[in-house]
Amino acid sequence: MYSLWCYNHILSKGSLLKRNIKPSITKGLVIDAGNSGSRIHIYTWKPRYFKTNTPSISYPLGNEQWSTKITPAISSLSIDLTFDKISAHLLPLIQYAMKVMTGPLKDRYSDIPIYFYATSGMRELDSRRRDRIVAYVRRFLSNKALSPFYFQDDFARILSGNNVYILSHLYHTS
């Protein structure tokens, strides 16, 4: 589902330049915060050096060995919500990514983008709780002591039901 989202939002020429993602970076992380739990997916792609204004399309590749899931859903943490609860939820995902991406990648963590996309469970929360969770997620992912990966606040968002449906449909039919 997120492969096409990654391509459109991470890998496009304008996005790379705007977000200061180096063309030589060939990995990206997506935290998929669904209604049954949170998953981290590690994607890889070819280096993005553009010689024309309209580059050929290439899609990120996932690998089952490069994904893991934790429960419960992050939206379930909205009662008595604290930054520590969100940190405890996200930290195992970050640790997993760091464990999988070893060797020379360790020196590139600060260049590898990490995105957080929440779906239905978060959309069901009232706006105050939803905004608070996203604020804590942004705080966590911005803290280099907790998450060494490249993050900007707009990398964390709640996807609309339409976006999830379209992306899911495209993913399963491509």
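Which residues in α3 meet which residues in α5? The answer comes below, within a short tour of this predicted model.

## Overall layout

Let's start with the whole chain. The protein chain has six helices and five strands. Read from the N terminus on, the elements follow the order α-α-β-β-β-α-β-α-α-β-α.

Of the 174 residues in the protein chain, 46% count as buried. The chain exposes about 9,000 Å², and carbon and sulfur atoms supply 52% of that area. If we take the contacts in the protein chain with a separation of 6 or more, residues 24 or more positions apart account for 74% of them.

## Where α3 packs on α5

Now back to the opening question. On the α3 side, the residues are Phe83, Ile86, Ser87, Leu90, Leu91 and Ile94. They meet Ile133, Tyr136, Val137, Arg139, Phe140 and Leu141 in α5. Sorted by class, this contact of α3 with α5 has 10 nonpolar residues, one polar and one charged.

As for the geometry, helix α3 covers residues 83–100 and helix α5 covers residues 127–142. The two pack at an angle of about 55°, and their axes are 10 Å apart. Angles of 65 to 115 degrees count as roughly perpendicular and those under 35 degrees as roughly parallel, so α3 and α5 are oblique to each other. The crossing in which α3 passes α5 is right-handed.

Which residues is Ser147 in contact with, leaving aside its neighbours within four places in sequence? They are Ile94, Ile114, Phe140 and Leu141.

## The loop between β3 and α3

Two backbone features here deserve a look when you inspect the model. Most residues other than glycine have a negative phi, and most peptide bonds are trans. Against that background, a cis peptide bond joins Thr71 and Pro72, with omega at about 5°. Pro72 lies in the loop between β3 (67–70) and α3.

Asp80 also has its place in the loop between β3 and α3. Although Asp80 is not a glycine, it has a positive phi of about 55°. Is Asp80 buried or exposed? Its relative accessible area is 61%, so Asp80 is exposed.

## Residues brought together across the chain

Two C-alpha pairs link places that are separated in sequence. Pro23 belongs to the loop between α2 (13–18) and β1 (27–33). The C-alpha atoms of Pro23 and Pro47 are separated by 5.8 Å, while the two residues are 24 residues apart along the chain. With 32% relative accessibility, Pro23 counts as partly exposed.

The second pair involves Val30, which is found in strand β1. Val30 and Tyr117 are 87 residues apart along the chain, and their C-alpha atoms are separated by 7.2 Å. Val30 has a relative accessible area of 0% and is therefore buried.

Conventions: Residues numbered from 1 in each chain as written. Predicted model: local features only at pLDDT ≥ 70, side-chain atom pairs only at ≥ 80, totals over all residues. Heavy atoms only, no water. Axes fitted to C-alpha atoms, helices over the stretch in contact; angles between N-to-C directions. Helix = DSSP H or I, 4+ residues; strand = E, 2+ residues; numbered from the N terminus. Parallel < 35°, antiparallel > 145°, perpendicular 65-115°, else oblique. Left-handed = near helix turned anticlockwise from the far one by under 90°. Contact = heavy atoms within 4.5 Å. Nonpolar A, V, L, I, M, F, W, Y, C, P; charged D, E, K, R; others polar. Buried < 20%, exposed > 50% of the residue type's maximum accessible area, 1.4 Å probe, protein only. Areas by Shrake-Rupley, 256 points an atom, 1.4 Å probe, with all protein chains shown as cover.
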